[in-house]
Amino acid sequence: MQSPTISYLTKVQFGVGALGDLREVMTQVGIARPLVVTDQPLVELGFVSRLGLDSPVVFADIQSNPTESSVLAGLEVYREHGCDGFLALGGGSPIDAAKAMAILATHDIKLEEAAYIRGGLERITSDMPPLIAIPTTAGTGTEVGRGSLVTMESGQKLAIISPHIIPNWSIVDPELTLNLPPLLTAATGMDALSHCIETAISRVYNPVAEAIALDGLKRGWDNLKIAFENPYDIAARTEMMMCAMQGALSFQKGLGLVHSISHPLGAIQRRALHHGTLNSVLMPHVLLFNESGCRLALDKIGDQLGISGGVAGIAKALTDYSDSMGLPLTLSEMGVENDDLIGIEALAVADHCSLTNPRDVTQEGVTEVLKSAF
Ligand SMILES: [Zn+2]
């Protein structure tokens, strides 16, 4: 496709108490025997019980940054129990894993063949089992997104992108985020802010997505700190859910270098680096790097947030914001060592998000950002 596709297709039940609509949504999308894909901590916190299903089939062996092997293990459970659809419950990892399971349930391909940079967009057809997403964090927005990030057997963390993996329906209920611990609230929230910022400055012309991104950015900027300090503030939690959803509704405009770098860093298994924390560390440095390619968009961001001083002002405000929530400010503070960075430049250049970054991404450019963020 030569011209940008503009699309807002999926259905969302949004708001406090939306989880109560689950039964009706299941009927509407035609799921009678779902596989609930989630993670162990959420099972222990009673989230599966809150779904109100009679003896559901549950697959909870999903790690943060889901892997191909957990996708294959979940698919086996799906088949063993004759399930007819997926309920993905959790943060980005269970939802992304369920999307990948759904592809393999009906497509006779290896998971890596579904990856965008391996030509997966052409291979994934509309022949998909139904999937309902129920997010429990306000961050990835993958409940309305057309992407799934999986660390493949090869060790590479690759994006699968297709309009056919957008959940058929999402239930976005801010009450499910009330127990999210403050640091996780901060890190996932910074991921949501990074989606709004990266899509707002991306090189793709899509004013519809841009408007949504700027609106989501304002909601997130005004409310993340409140949700961090007052976890039970349902109004702030609601605005963060909206910010996360808006960030992902804008994905079609394309992300950029923050994500190009955080994807390969997030794939370093021995470090288990949190995606949102990585993005919060990288964002100020990437914005400074990108300035020449997105001055107008940066002006709009400054206006929207009431920040003066151009890109330097915005970068400093972001750093101060992360600092005020106790997030690390450098890669080394996160535990990244020099050796971890070997090969990251090439992977970042090849990442699908580099294509839509406002400035051309070269290995030298990535090195510059890594050095300043280190
Ligand atoms: Zn992200």
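Q: Which residues of helix α7 meet which residues of helix α12?
A: In this predicted model, I197, A200 and I201 of α7 meet A297, L298, K300 and I301 of α12. By class, the residues of this contact divide into 6 nonpolar, no polar and 1 charged.

Q: How is the packing of two helices described?
A: The description uses the angle between the two axes together with the distance between the axes. Here, α7 (residues 182-201) and α12 (residues 295-305) pack at an angle of about 140 degrees, and their axes are 9 Å apart.

Q: Why are α7 and α12 classed as oblique?
A: Angles over 145 degrees count as roughly antiparallel. The angle between α7 and α12 is about 140 degrees, and the two helices are therefore oblique to each other.

Q: At what angle do helix α11 and helix α13 pack?
A: Helix α11 (residues 275-290) and helix α13 (residues 310-324) pack at about 175 degrees, with axes 9 Å apart. The pair is therefore roughly antiparallel. From α11, the residues S280, M283, P284, L287 and L288 meet V311, I314, A315, L318, T319 and S322 of α13. This contact has 8 nonpolar, 3 polar and no charged residues.

Q: Where do the side chains of strand β8 point, and are they buried or exposed?
A: In a regular strand, side chains alternate between the two faces of the sheet. In β8 (residues 169-172), W169 and I171 lie on one side, while S170 and V172 lie on the other. These four residues are all buried, which leaves both faces of the strand covered.

Q: Which residues stand opposite L35 in strands β4 and β3?
A: The bridge partner of L35 in β4 is F86, and in β3 L35 stands opposite V57. Strand β4 (residues 85-90) runs parallel to β2 and is joined to β2 by 4 bridges. Strand β3 (residues 57-59) pairs with β2 in the parallel sense over 3 bridges.

Q: How many residues of domain 1 and domain 2 are in contact?
A: The protein is divided into domain 1 (11-176) and domain 2 (180-373). Between them, 25 residues of domain 1 are in contact with 26 residues of domain 2. On the side of domain 1 that touches domain 2, β6 (147-151) and β7 (157-161) each supply at least two residues. That side has 10 nonpolar, 13 polar and 2 charged residues. The centres of the two domains, taken over C-alpha atoms, are separated by 24 Å.

Q: Why is S372 classed as partly exposed?
A: A residue is buried if 20 or more other C-beta atoms lie within 10 Å of its own, and exposed if 12 or fewer do. S372 has 15 other C-beta atoms within 10 Å and is therefore partly exposed. This residue is found in helix α15 (residues 363-373). S372 and I31 are 341 residues apart in sequence and 49 Å apart in space, C-alpha to C-alpha.

Key:
Residues numbered from 1 in each chain as written. Predicted model: local features only at pLDDT ≥ 70, side-chain atom pairs only at ≥ 80, totals over all residues. Axes fitted to C-alpha atoms, helices over the stretch in contact; angles between N-to-C directions. Parallel < 35°, antiparallel > 145°, perpendicular 65-115°, else oblique. Contact = placed C-beta atoms within 7 Å. Nonpolar A, V, L, I, M, F, W, Y, C, P; charged D, E, K, R; others polar. Pairing = 2+ DSSP bridges. Domains from an automatic or database assignment.
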